[in-house]
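Subject: Handing over the structure

Hello,

Here is the structure I promised to pass on to you. Please have it open while you read, as the notes below walk through it piece by piece.

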Amino acid sequence: DANYKIGAGDRLMLILTGEVEKAQTLDVTREGFVLIPDVGQVAVANLTISALEDVLYSRLGKVYSGVRRGASATTHFQLSMVKLRSNQVFVVGDVMRPGSYRVSSAGTAMTALYAAGGPSDNGTFRAISVRRGGKQIATFDLYDYLLRGDSSKDIRLESGDLVFVGTHGPRVRISGEITRAAIYELHSGETLDDLVRAAG
């Protein structure tokens with residue numbers, strides 16, 4: 001997506017059309033560069049695709065005079081992702097299969113949680129935390145995703161991130177004339193109304 005940051009291990013495709021016809025595969029080095037023939041080294045680490053396009057208008061325009069913004073351009077370029085790098089992340093705590101996982105660099109905390117089989121019988125659904133460099137950077141509630149389809153708090157992971165699932169909190173069983181009879185985990189301060197709403 002538009003916020004994806006390019007990093008070492010990614011592979012890009014640069015296609016030039018018009019006065020110049022070329023297709024070049026560009027691998028991002030460990031130092032965060034790509035090498036474009038006739039253009040040279042271009043730093044791409046932590047740039048989004050749109051930010052990189054801005055850089056390329058400048059760099060390519062110095063070599064290919066037809067590359068410019070607007071209708072007067074006689075050479076056009078297109079940039080796309082061919083291959084995404086993978087990140088090593090850790091999923092620990094009360095999950096079905098705790099351990100180290102390699103997930104796509106576009107992967108999120110939910111991706112890693114799926115890979116680990118989700119929370120175990122003792123695991124919480126209400127406070128999954130993500131830690132980076134020893135600091136907690138995010139907490140999300142699986143009920144937002146499972147019951148309301150809201151994934152806005154599901155953050156993209158980086159290499160070395162840790163997804164932690166703690167022990168579940170208070171649980172309540174609800175049955176009868178409701179849509180989803182089940183056992184639900186409640187946050188502190190939640191009421192019977194919250195429980196009925198979760199159960200549909």
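A definition to begin with: two strands pair if DSSP finds at least two bridges between them. Strands (E, at least two residues) and helices (H or I, at least four residues) are DSSP runs, numbered from the N terminus.

Please keep in mind that this is a predicted model, in which local features need pLDDT of at least 70 and side-chain atom pairs count only at pLDDT 80 or more, while totals for chains, interfaces and linings use all residues. Residues are numbered from 1 along each chain as its sequence is written, and side-chain values use heavy atoms, with hydrogens and water left out.

The sheet

Let's start with an open sheet of 3 strands, whose order is β2-β1-β5 and whose pairing is antiparallel. Because β2 (22-27) and β5 (75-83) stand at the edges with a single partner strand each, one side of each has no neighbour in the sheet. On average, neighbouring strands here are turned by 20° against each other, direction ignored.

Strand β1 covers residues 11-18 and pairs with β5 over 8 bridges, in the antiparallel sense. Within that pairing, Arg 11 has Lys 83 of β5 as its bridge partner. Helix α1 (residues 49-63) packs on the sheet and touches β1 and β5 (contact means heavy atoms within 4.5 Å), and its direction makes about 140° with that of β5. Such angles run from 0 to 180 degrees between N-to-C directions, with axes fitted as lines to C-alpha atoms, for helices over the stretch in contact.

On the other pairing, β1 and β2 run antiparallel and are joined by 6 bridges. Leu 16 stands opposite Lys 22 in β2, and a hairpin of 3 residues links β1 to β2.

How exposed is each one? Buried means under 20% relative accessible area, exposed over 50%, and partly exposed in between (1.4 Å probe, protein chains only).

- Ser 129 is found in strand β8 (residues 123-132) and is buried, at 5% relative accessible area. Not counting residues up to four places away in sequence, Ser 129 touches Gln 136, Ala 138, Thr 139, Leu 162, Val 163 and Phe 164.
- Ala 182 lies in strand β12 (residues 182-185) and is partly exposed, with a relative accessible area of 30%. Leaving aside neighbours within four places in sequence, Ala 182 is in contact with Val 172, Arg 173 and Ile 174.
- Asp 38 sits in the loop between β3 (33-36) and β4 (40-43); Asp 38 is exposed, at 56%, and has a positive phi near 75°.
- Asn 46 belongs to the loop between β4 and α1; Asn 46 is exposed, at 58%, and its phi is also positive, near 70°.

As background to those two phi values, most residues other than glycine have a negative phi.

A pocket

Finally, the largest pocket holds about 290 Å³ of space. A pocket is found on a 1 Å grid over the protein atoms alone, as an open set of points (for a 1.4 Å probe) with protein on both sides within 12 Å along at least five of seven lines; lining residues have an atom within 4 Å of a point. Grid points are joined across faces, edges and corners, and a volume is the space filled by probe spheres set on the points. Of the 14 residues that line the largest pocket, the closest to its centre are Lys 5, Arg 85, Arg 156, Leu 157 and Glu 158.

Happy exploring!
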